[in-house]
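Please keep the sequence and the structure at hand while reading.

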Amino acid sequence: FRSDITYMVCFHVENMNAPAALQIEHSLVFPIVDILLGGVGQCQILTREVSEIEEHIMEGVARIVCQQLEMAWITLGAKLTLDDRQAPAQIQRFVAPAEKTLCLSFEVKLAESSGRLNLILPVSISNTLLRKLATESSSDEKPVGSSSRMTKKMLDCSFPIDLGIPSIKLPIDR
């Protein structure tokens, strides 16, 4: 991550005692601020740091993202606490360099701008979430037809979904 093009804020998943981060490319930050201030989201790509006012607005956006994650994970008992904004170089204070991480990357398009929103989670969080999901899915308390309702909702979504693995070249010695 380059600090001049990245807005990064850390948060803590309390009941899992794990840190995580939200990263938003600056190509999205300024259009988001513009839209929230009544504009149409069309602005030049700026390489400057965010101002104090823009920082306050983006903190509100980060809080909303955390609230939505918390709502999505409510059945798993996840409680998120937003920390301060961090320089990308300081992310090592929250996530150890040797720790494996899961990065969920979302391509976001606003007006004529596009960029990525990334959620950086330690593997311990994803493992815990998967275990809790497996436990829930095997319980008999699941409402009848919930799987078919979820399938229908996913098929009716109004945005494209892509799942892929980037091509990685690995040297092989014989």
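A residue is called buried when its relative accessible area is under 20%, exposed when that area is over 50%, and partly exposed in between. Thr 128, with a relative accessible area of 17%, is therefore buried. The model is predicted, and the points below are grouped by topic.

**Nonpolar core**

- The largest nonpolar core has 33 residues.
- Phe 11, Leu 22, Ile 24, Met 58, Trp 73 and Ile 125 are the residues that touch the most other members of this core.
- Two or more residues each come from β1 (6–13), β2 (18–25), α1 (26–36), α2 (52–72), β3 (80–85), β5 and α3 (123–138).
- Helix α2 gives the most to this core, with seven residues.
- In soluble globular proteins, nonpolar side chains tend to be buried together.

**Buried residues in helices**

- Thr 128 belongs to helix α3.
- Between the C-alpha atoms of Thr 128 and Leu 76 there are 9.2 Å, while the two residues are 52 residues apart along the chain.
- Pro 31 is part of helix α1, and its relative accessible area of 2% makes it buried.
- Leaving aside residues up to four places away in sequence, Pro 31 touches His 26, Gly 41, Cys 43, Leu 110 and Ser 113.
- The C-alpha atom of Pro 31 is separated by 8.0 Å from that of Ala 111, a residue 80 residues apart from Pro 31 along the chain.

- Asn 118 sits in strand β5 (residues 113–122).
- Asn 118 has a relative accessible area of 6%, so this residue counts as buried.
- Which side chains make polar contacts with the side chain of Asn 118? One is the side chain of Gln 23, at 2.3 Å, and another is the side chain of Ser 105, at 2.7 Å.

**Nonpolar surface patch**

- Leu 102, Leu 104 and Phe 106 make up a nonpolar patch on the surface, and their accessible area together is about 230 Å².
- Leu 102 is located in strand β4 (residues 101–110).
- Leu 102 is partly exposed because its relative accessibility is 32%.

**Salt bridges**

- How many salt bridges does a search of the whole structure find? The search finds four, and those described here include the pairs Arg 85 and Glu 55, Glu 59 and Arg 63, and Lys 79 and Glu 70.
- Side chains of opposite charge can pair when their charged atoms come close.
- In the salt bridge between Arg 85 and Glu 55, the N to O distance is 3.1 Å.
- This pair links distant parts of the chain, with Arg 85 in strand β3 and Glu 55 in helix α2, 30 residues apart.
- Arg 85 is partly exposed, at 23% relative accessibility.
- Glu 59 and Arg 63 meet through their side chains at 3.0 Å, N to O.
- Glu 59 and Arg 63 are four residues apart in helix α2, so about one helical turn separates them.
- The relative accessible area is 30% for Glu 59, which is partly exposed, and 41% for Arg 63, which is also partly exposed.
- For the salt bridge of Lys 79 with Glu 70, the N to O distance is 3.9 Å.
- Lys 79 is partly exposed, with 43% relative accessible area, and Glu 70 is partly exposed at 23% relative accessibility.

Terms used
Residues numbered from 1 in each chain as written. Predicted model: local features only at pLDDT ≥ 70, side-chain atom pairs only at ≥ 80, totals over all residues. Heavy atoms only, no water. Patch = residues over 30% accessible without salt bridge, like charges linked within 9 Å, V, L, I, M, F, W, Y side chains within 5 Å. Areas by Shrake-Rupley, 256 points an atom, 1.4 Å probe, with all protein chains shown as cover. Buried < 20%, exposed > 50% of the residue type's maximum accessible area, 1.4 Å probe, protein only. Polar contact = N/O pair within 3.5 Å; in protein donor to acceptor, adjacent residues only side chain to side chain. Core = buried A, V, L, I, M, F, W, Y, C linked by side-chain atoms within 4.5 Å. Contact = heavy atoms within 4.5 Å.
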